[in-house]
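Have a look at the sequence and the structure first.

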Amino acid sequence: MSNPVRPCAPPATHRAAHRPPCAATASIAGATAGLLGLTNLSGFAFYLLSSLLVGAIYAAGNCKARPARYFAKASDVLVGGMLDNLFAFVLFWTRELSVG
């Protein structure tokens, strides 16, 4: 009997799933949105775009434009930590809005 071929190697997906959080990137995006004076939906749209941009840069640079090789789902690299980093974004966004 032959073993079925696995599309993702467990050590590679384990390392990719446990990458460092990008709270610093979300904090910078939040401060930028606050300094630009973005409010309501425009601020959240800025967060969505900045998160997708950082995920795309990560996929292009660290995954050599093939995130499916390192992640269980290719979309995990783009939207994986979006909810985890939302608090840091809102914290710095509201801080810069109140200061500016």
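So, Phe44, Tyr47, Phe89 and Trp93 form one aromatic cluster. This is a predicted model, where local features need pLDDT of at least 70, side-chain atom pairs count only at pLDDT 80 or more, and totals for chains, interfaces and linings use all residues. Residues are numbered from 1 along each chain as its sequence is written, and side-chain values use heavy atoms, with hydrogens and water left out.

How many aromatic pairs does a search of the whole structure find? Three. Rings of Phe, Tyr and Trp (its six-membered ring) pair if their centres lie within 6.5 Å; planes under 30 degrees apart are stacked, over 60 edge-to-face, and the rest tilted.

Take Tyr47 and Phe89: their ring centres are 4.6 Å apart and the planes sit at 35°, so this pair is tilted. It links distant parts of the chain, with Tyr47 in helix 3 (residues 40-61) and Phe89 in helix 5 (residues 86-99), 42 residues apart. Helices here are DSSP runs of H or I, at least four residues, numbered from the N terminus.

Next, Phe89 and Trp93 have centres 5.3 Å apart and planes at 40°, so they're tilted. Phe89 is at 0%, and Tyr47, at 5%, counts as buried.

Finally, the salt bridge: Arg95 and Glu96 meet at 2.5 Å, N to O. The rule is a side-chain nitrogen of Lys or Arg within 4 Å of a carboxyl oxygen of Asp or Glu. Arg95 is partly exposed at 46%, while Glu96 is buried at 12%.

Definitions and conventions
Helices (H or I, at least four residues) and strands (E, at least two) are DSSP runs, numbered from the N terminus. Buried means under 20% relative accessible area, exposed over 50%, partly exposed in between (1.4 Å probe, protein chains only).
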